[in-house]
Each structure stands twice: as C-alpha cells, then as structure tokens.
Amino acid sequence: MTHDLVTSLRPLLTAEASAEAYASGAEPGDLEQAVWLRLLERLEAEGPPPDPHRWLRGAVRTEARRTRRRARHERPYGTEPAGVAAYAYEPERLALDAARHRALRDAVRRLPGRCPRLLEALLSPKDLTYREIAGELGISQGSLGPERSRCLGCLRRLLTPEVAAG
C-alpha cells in the first residue's frame, strides 16, 4: 500500500516542489524530502490521507511557507565566531588549504573532454554567470547544467581514491 502511494505521488510531488521552490528560496529536492517525511509521519500516526493528491499539494505549500518563515528569521553573524578568523590564517591551515586547492586543480586538468574548461570557468574568481560560461565554451546555456553534473561526477570518481588514500 505505502509503495503504491509513493509511486503514484512521486511525479506530482516533483512538479509541485519544483513550482514552489523558487518562491520559497528552497531547493526542490529539500521540499520533496520534507514532504516525504511528513507523509511517513502521517502514515504512522493516522494512516493514508483520504485524498492523497490534495494532501500532497497542501503539504508542499506548508513546507514552502515554513522555509520562507525560517529564512526571514535567520540572521548572519556580524563577525566570525570566536577563534575562527585567527585559525584561518595559521601557517598550517594555509599550507593545507593550498595543497587541497592544488590537488583539486590537478584533478580538474585530468578530466576528459571540455570538463576542464567548464570547471575552471565555474571555479573562476570572476564569478561568471551560466550565460557567460556557455558563451565562453560555445555551448547552449540549457546544456550547461547536465554537462556540469557529468563533469562533477567524473571529478568525484577521480578524487575518491585520492581522498581515501589521504
């Protein structure tokens, strides 16, 4: 029963979460996860909702409102927490950060195809937009996201043995 309910609600939840995410400032996947949790809690306490599709739409909107409310109440620190700023400039920390950045840049250069250029553009201190990166690489802006995901997957596989060995 639960498996059938999840299977039937998945496409609707994906669509609803995608529609509500932008306005709430949340990631669609985070909204989906929160709603799945609410559904599991409900199933355990009260059983399945009488109208699951209607319940799901309401749950997505409730989670989106909760996210907006939480974002309004969060305030950034005025300064760094005690000890963090001083620690960031210690010679050992600087050396470790530099080694980590070198390892990352070396791994990026070993990636296949246009991945090195794409990730270098994403890591650029110029903070390029997707439109600027797409123009620089000569690819459509719409294919940039999937290409980025593929390249990051390659980078993850490339770095996994190095991280495990380190």
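This is a predicted model: local features need pLDDT of at least 70, side-chain atom pairs count only at pLDDT 80 or more; totals for chains, interfaces and linings use all residues.
1. Overall content. The protein has eight helices and zero strands. Read from the N terminus, the order of elements is α-α-α-α-α-α-α-α.

2. Burial and surface. Of the 166 residues in the protein, 31% are buried. The exposed surface comes to about 11600 Å², and carbon and sulfur atoms supply 56% of that area.

3. Contacts along the chain. Taking contacts between residues at least 6 apart in sequence, 55% join residues at least 24 apart.

4. Helix H3. This helix covers residues 52–73, which is 22 residues. From its first C-alpha to its last, H3 reaches 31 Å, close to the 32 Å expected at 1.5 Å a residue. The buried residues in H3 are Pro52, Trp55, Leu56, Ala59, Val60, Glu63, Ala64 and Thr67.

5. Thr67. Thr67 lies in H3. Is Thr67 buried or exposed? Thr67 counts as buried because its relative accessible area is 15%, and the cut-off for buried is under 20%. Apart from neighbours within four places in sequence, Thr67 is in contact with Ser24, Ala26 and Leu31.

6. H5 against H6. Helix H5 spans residues 91–109, and its axis comes within 8 Å of the axis of H6, the two crossing at roughly 145°. On the H5 side the contact is made by Leu104, Arg105, Val108 and Arg109. On the H6 side, Pro116, Leu119, Glu120 and Leu123 meet them. By class, this contact holds five nonpolar, no polar and three charged residues.

7. H6 against H7. Helix H6 (residues 115–123) also packs with helix H7 (residues 130–137), at an angle of about 150° and with the axes 10 Å apart. The crossing of H6 past H7 is right-handed. Which residues of H6 meet H7? They are Arg117, Leu118, Ala121 and Leu122, and their partners in H7 are Tyr130, Ile133, Glu136 and Leu137. The contact of H6 with H7 has six nonpolar, no polar and two charged residues.

8. H6 between its partners. H6 uses Pro116, Leu119, Glu120 and Leu123 to meet H5, whereas Arg117, Leu118, Ala121 and Leu122 of H6 meet H7.

Terms used. Residues are numbered from 1 along each chain as its sequence is written. Side-chain values use heavy atoms; hydrogens and water are left out. Axes are lines fitted to C-alpha atoms, for helices over the stretch in contact, and angles run from 0 to 180 degrees between N-to-C directions. Helices (H or I, at least four residues) and strands (E, at least two) are DSSP runs, numbered from the N terminus. A crossing is left-handed if the near helix is turned anticlockwise from the far one by less than a right angle, and right-handed if clockwise. Contact means heavy atoms within 4.5 Å. Ala, Val, Leu, Ile, Met, Phe, Trp, Tyr, Cys and Pro count as nonpolar, Asp, Glu, Lys and Arg as charged, and the others, Gly among them, as polar. The expected span of a helix is 1.5 Å times one less than its number of residues. Buried means under 20% relative accessible area, exposed over 50%, partly exposed in between (1.4 Å probe, protein chains only). Accessible areas come from the Shrake-Rupley method with a 1.4 Å probe; for residues, only the protein chains shown count as cover.
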